Every structure is written in C-alpha cells, then in structure tokens.
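Subject: The structure I promised you

Hi,

Here is the structure we talked about. Have a look at it first, then read my notes below.

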Amino acid sequence: MQRTLRPKRFNQLWPFYLLAAPGILYFVIFHYIPMSGLVLAFKEYSPFKGIINSPWAGLDNFRQFFGTSDFYNLLKNTLLISLLNLVIYFPFTIILSLLLNELRLKVFKRASQTIVYLPHFLSWVVIYGITISFFGPSGVINHYLTEWFGGSANFLVSNEWFRPLVIFQSIWKDAGWGTIIFLAALAGINPEQYEAAKVDGANRFQNIWHITLPGIKSTIVILLLLRLGSSMDSNFMQIFLMTNSLNLDVSNVFDLFVYHIGLEQFNYSFAITVGMFKSVASLILVLGANYAAKLLGEEGIF
C-alpha cells in the first residue's frame, strides 16, 4: 500500500521539494561540508603539510585554550553582550512591534514601519561613521557637553561606554527589522477577541496584556530560543569597528579573538578550537532552553 502511495505523493509535492532545494543545497555546501574541517582542532595544522599530513595534537589545543588567561575574559565579554541583547534589545523589539500594531492610521503606520526598517539596510561601516559623528571627540554630543558643562566624554575609548553604545547601535539598526516576525504573528490574532474585550470594557493596555501578548507568546519563545543559540556569537563587524586598544578589556570577544589568532597569527588549529567550543556551548544552551520551554508548556523548536 505504501509503495503505491509514495510515487503519487512525490508527484504531488515535487514543486515544494524543488522550492526547498536551493535552501537545502546552501546548508549542505556552506554549513555541513565545512564541518569536516573541525578535525583541525585536534591537529597541529600546517598549510604546507595539508590537513591529512598535519600531525595529531589530540586535546592539546583545548587545554591551551581553557588554560589561557584570556579565556574567562572572552567568556565574560561575550556573555555580557549577549545578555544585554536579551534583556534590552529583544524586549525593545517586542515593545516596538506592539506600538506599531496599535497604530490605526494606515498611512502613518506604513510610513513608520518603513522608517524603522531602513537602518537595517545600512552597513556597519556607515553605522560606525554615524556613531563617530555623534559620540566622537568632536561629535555632536561632545560639542553640546563642552558648550553646556565645559567638558567632554571619551565615549568611543571608554570601557564603561562600550557596551551601551553597542546595544544602542543594535537597537537603532535592527530593532525595526526584527518586528517583522512579531507583526506577522500579531496579524494572526483573531480580531473577535478584541471586540469581545471591548464589549467587556477593556482598554488598550488590558487588550495588550490579556490578548496580544498571550497570542504571540509561542513566537516570543521560539525567537528567544533561536537567539540563545547565537548567544556565543557576537556581531563581528560591529565589534571589530568599535574596538580599539583602550577598550579591549571589554570588547575582546570570541569572534574577535578568532580573527586575531586565525587570520593575523595564522594559528588555524587554535582558531577552529575556539569556534568549536562556541558551537558546542551554543548547542547546550539551546537544548537546555528548549527543555525548559517544554516544561513550561511551550512547544519549543524541536
């Protein structure tokens, strides 16, 4: 019975398989095939000897990585930036989505959405240039600080200001773009629920708390889990542009460390070791968060 149904089912669904083929090929070519290079983490790789002929190092690279004095500082800096993104950037995206959803004038709503989407299409180099224009030594903010208070602040070379500026850049550039999925989820809420709540005398804030947020709760959980999966990753280009010798104590994250070790010092095995640690740690975070979500009654991502 199954043998007779399978060809028929494939004939019916082949357009969907064809549509999915480019995405599958992308992940196979650029994500799965390169995983064979993880073997370099267990070797003393030399470009002249090649992958096969390079001598085995066992777990020496991992011992060196965990034993280095930079490890705990790299871990702290990476996790702090990820935590700030979870605590500030992620909720801000939800709040912005709720505000856009509450706009009733369609022309103003579309214009507002366009305005908040636009920064996403700017490169980080442009964003950094705008940051210098505002927060640089001769920027707009220091100009007014000097004029009003007789002094200026070293925003771009300060350890204290590095993380706030990075989070501010992320919000300004990508918060609007991040509202797309939430707005799609909001569009799926049954409008009859709002009508029933209006009859019961509920105001807008009560509608948001009792109808809107519960309606997108599953979307929030899934996106939160996906963000936890990339918590060991930092936006390399953003961090690279904002880093200098005076704020390196707080800006040195795993991605920047891999760049210096792998591309500047040509220590490929050690760089791959760091990348492998990041991947395993991210996997553990996702599995743990997914398990916790299921305990709380949510579906999770798998």
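Let's start with a definition: a patch here is made of residues with over 30% relative accessible area and no salt bridge, where like charges are joined within 9 Å and nonpolar side chains (Val, Leu, Ile, Met, Phe, Trp, Tyr) within 5 Å. Accessible areas come from the Shrake-Rupley method with a 1.4 Å probe, and for residues only the protein chains shown count as cover. A salt bridge is a side-chain nitrogen of Lys or Arg within 4 Å of a carboxyl oxygen of Asp or Glu.

Keep in mind that this is a predicted model, where local features need pLDDT of at least 70 and side-chain atom pairs count only at pLDDT 80 or more, while totals for chains, interfaces and linings use all residues. Residues are numbered from 1 along each chain as its sequence is written, and side-chain values use heavy atoms, with hydrogens and water left out.

So, the patch. Ile24, Leu25, Tyr26, Phe27, Val28, Ile29, Phe30, Tyr32, Ile33, Met35 and Leu38 make up a nonpolar patch on the surface, with about 1,100 Å² of accessible area together. One of these residues, phenylalanine 30, sits in helix H1 (residues 2-32); helices (H or I, at least four residues) and strands (E, at least two) are DSSP runs, numbered from the N terminus. Phenylalanine 30 is exposed at 55% relative accessible area, since buried means under 20%, exposed over 50%, and partly exposed in between (1.4 Å probe, protein chains only).

The UniProt record (an unreviewed entry) places "transmembrane region" at residues 12-33, 79-100, 121-145, 165-187, 208-230 and 270-293. Its positions are in the numbering used here, feature names are shortened, and annotations may be inferred rather than shown by experiment. Residues 121-145 are 72% helix and 0% strand, with end C-alpha atoms 31 Å apart. For residues 208-230 the figures are 91% helix, 0% strand and 29 Å.

Next, the rings. Rings of Phe, Tyr and Trp (its six-membered ring) pair if their centres lie within 6.5 Å; planes under 30 degrees apart count as stacked, over 60 as edge-to-face and the rest as tilted. That rule gives 26 aromatic pairs. Tyrosine 26 and phenylalanine 27 are an edge-to-face pair, because their ring centres are 5.3 Å apart and their planes are at 80 degrees. Tyrosine 117 and tryptophan 177 are also edge-to-face, with centres 6.1 Å apart and planes at 80 degrees. Tyrosine 117 is in helix H5 (residues 106-117) and tryptophan 177 in helix H8 (residues 159-187), so this pair ties together parts 60 residues apart in sequence. Tyrosine 117 is buried at 18%, whereas tryptophan 177 is partly exposed at 36%. Ring pairs also link Phe65, Phe66, Phe71, Tyr72, Phe254, Phe257, Phe270 and Phe277 into a cluster.

How many salt bridges does a search of the whole structure find? There are 6. In one, arginine 63 pairs with aspartate 60, with the closest N and O atoms 2.9 Å apart. These two are 3 residues apart in helix H3 (residues 60-67), so about one helical turn separates them. Another joins glutamate 102 and arginine 204, at 3.7 Å between the closest N and O atoms. Glutamate 102 lies in helix H4 (residues 70-102) and arginine 204 in helix H10 (residues 204-215), so the pair ties together parts 102 residues apart in sequence. Salt bridges with shared partners join Glu102, Arg104 and Arg204 into one network.

Cheers
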